[in-house]
Amino acid sequence: MDFSDYKKKAEYAYPFNQGYSARLCGKPISENPYIGKPGIAWTAGWSKADESGGVS
């Protein structure tokens, strides 16, 4: 899913940010509470925390 589009960013910002925060708090990816596209956004946020160096 391409999150560079503004409309998609706005629509999925909440689950994306929740995933990012979950990763920073040390929660496993299996704790994704969403299904479908919001779940993909949550997973993308979770993965982005690793890419940005937020998790060691």
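Which residues in α1 are buried? Keep that in mind while you get your bearings; this is a predicted model, and the chain has two helices and zero strands.

**Stop 1: helix α1.** Select residues 6-24, which make up α1. Now colour Tyr-12, Pro-15, Gly-19, Ala-22 and Arg-23: these are the buried residues you were looking for. Here, buried means under 20% relative accessible area.

**Stop 2: the bend.** Stay on α1 and centre on Tyr-12, where the helix bends by about 60°. Within four residues after that comes a proline, Pro-15.

**Stop 3: the partner helix.** Next, select residues 36-51, which is α2. What do the buried residues of α1 pack against? They pack against α2.

Stop 4: Click on Gly-26, which follows α1 and has a positive phi, near 85°.

**Stop 5: the whole chain.** Zoom out to see all 56 residues, 21% of them buried. The C-alpha atoms fill a box of roughly 30 × 20 × 15 Å along the principal axes. A compact globule with 56 residues would have a radius of gyration near 10 Å, and the chain's 11 Å agrees with that. Among contacts with a separation of 6 or more, 54% link residues 24 or more positions apart.

**Stop 6: the surface.** Finally, colour by charge: the 7 positive and 6 negative charges have mean positions 3 Å apart.

Key: Residues are numbered from 1 along each chain as its sequence is written. This is a predicted model: local features need pLDDT of at least 70, side-chain atom pairs count only at pLDDT 80 or more; totals for chains, interfaces and linings use all residues. Side-chain values use heavy atoms; hydrogens and water are left out. The radius of gyration is taken over C-alpha atoms; the globule rule is 2.2 Å times the number of residues to the power 0.38. Buried means under 20% relative accessible area, exposed over 50%, partly exposed in between (1.4 Å probe, protein chains only). Contact means heavy atoms within 4.5 Å. Lys and Arg count as positive and Asp and Glu as negative; His and the chain ends are not counted. The place of a charge is taken as NZ of Lys, CZ of Arg, CG of Asp or CD of Glu. The bend at a residue is the angle between axes fitted to the seven residues ending there and the seven starting there.
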